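Here are a few friendly notes to go with the structure. Have it open beside you as you read.

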Amino acid sequence: MGDLRFATVRLATGPQIHYAEQGNADGDPILFLHGWPDSWFSFSSILPLLSHRVHAFVLDQRGFGDSEALDAGYGIDEFAADAVAFLDAVSIERATIVGHSFGSFVARHVAITNPERVARLVLIGTGVSAATPVTREVQATLMELPDPVPVEFARDFQASTAHVPLPESFFERIVAESLKLAAWRWRSVLDGLLAYDDTEQLSRIVTPTLLIWGERDVLFSRNDQDRLVTAIRGSKLLSYPETGHCPNWERPQRVAADLEAFIDQS
């Protein structure tokens with residue numbers, strides 16, 4: 001992965017955060033926010049495809065991957081505050097923020113509450129609301145999830161989100177990363193996500209915004225995408241045929257190309 005390097009930093013909001021960094025220190029900064037229950041590795045296939053003019057930061061958000069797991073504080077507000085605190089910690093004034101799934105709601109909240117910190121916004125696999133019949137069903141299933149989380153449960157969940165067959169080594173690492181979360185953190189983060197509702201605040205997003213959505217997404221519909229494009233002024237939708245909920249896993253070449261084209265055009 002070229003010049004990919006790893007570090008940790010203690011944020012002003014509390015947790016010690018593990019992150020990956022790549023690219024020229026003078027390059028265009030991009031902050032990547034992964035989905036649930038993932039880690040920085042969710043963007044690992046995209047990073048080698050980015051030009052060196054991009055300065056990429058990929059977090060393990062609090063409680064995920066190799067970042068510190070606190071006893072509480074797993075609402076979208078706290079995750080968004082961490083993202084801003086991370087930008088402070090690495091001395092980045094404004095960045096393009098890329099969020100996938102759960103991370104897209106965190107990114108949206110940053111754009112709503114701290115618009116001056118967001119140069120551009122890229123939302124991958126997002127919806128109007130995270131509370132859908134599918135996610136409510138997952139939430140109910142988690143009520144009886146044992147700890148440690150069974151490998152079969154993690155594997156079945158992660159497999160259900162992708163439509164394109166994934167390389168075995170990549171998929172097994174995705175599963176392994178998700179197993180770093182204790183069962184109560186699977187529940188706590190999902191509960192916080194489903195409690196979050198920014199539908200009345202989407203018009204406050206004024207930064208250039210790109211939505212990337214797979215047409216085989218089992219979580220969020222095309223109707224959701226159309227509603228978001230209407231609600232977020234000046235936003236643009238890219239629909240990927242024969243792609244599921246995780247374009248960053250399934251179509252990394254196209255996501256990387258579309259991301260850099262969006263940066264060039266906005």
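1. Let's begin with the inventory: the protein chain contains 9 helices and 8 strands. Please keep in mind that this is a predicted model.

2. On overall size, the radius of gyration of the protein chain is 17 Å, close to the 18 Å given by the globule rule for 266 residues, so the chain is as compact as a globular protein of that length. Along the principal axes, its C-alpha atoms fill a box of roughly 45 × 40 × 35 Å.

3. What share of the 266 residues of the protein chain counts as buried? The figure is 59%. As for contacts with a separation of 6 or more, 75% of them in the protein chain come from residues 24 or more positions apart.

4. Now for a pair of helices. Two packed helices are described by the angle between their axes and by the distance between those axes. Helix α4 spans residues 151-160 and helix α5 residues 168-178; they pack at an angle of about 120°, and their axes lie 9 Å apart. Angles of 65 to 115 degrees would count as roughly perpendicular and those over 145 as roughly antiparallel, and α4 and α5 are therefore oblique to each other. Their crossing is right-handed.

5. Which residues of α4 and α5 meet? From α4 come Val151, Ala154, Arg155, Gln158 and Ala159, while α5 brings Phe171, Glu172, Ile174, Val175 and Ser178. By type, the residues of this contact divide into 6 nonpolar, 2 polar and 2 charged.

Notes:
Residues numbered from 1 in each chain as written. Predicted model: local features only at pLDDT ≥ 70, side-chain atom pairs only at ≥ 80, totals over all residues. Heavy atoms only, no water. Axes fitted to C-alpha atoms, helices over the stretch in contact; angles between N-to-C directions. Helix = DSSP H or I, 4+ residues; strand = E, 2+ residues; numbered from the N terminus. Parallel < 35°, antiparallel > 145°, perpendicular 65-115°, else oblique. Left-handed = near helix turned anticlockwise from the far one by under 90°. Contact = heavy atoms within 4.5 Å. Nonpolar A, V, L, I, M, F, W, Y, C, P; charged D, E, K, R; others polar. Rg over C-alpha atoms; globule rule 2.2 N^0.38 Å. Buried < 20%, exposed > 50% of the residue type's maximum accessible area, 1.4 Å probe, protein only.
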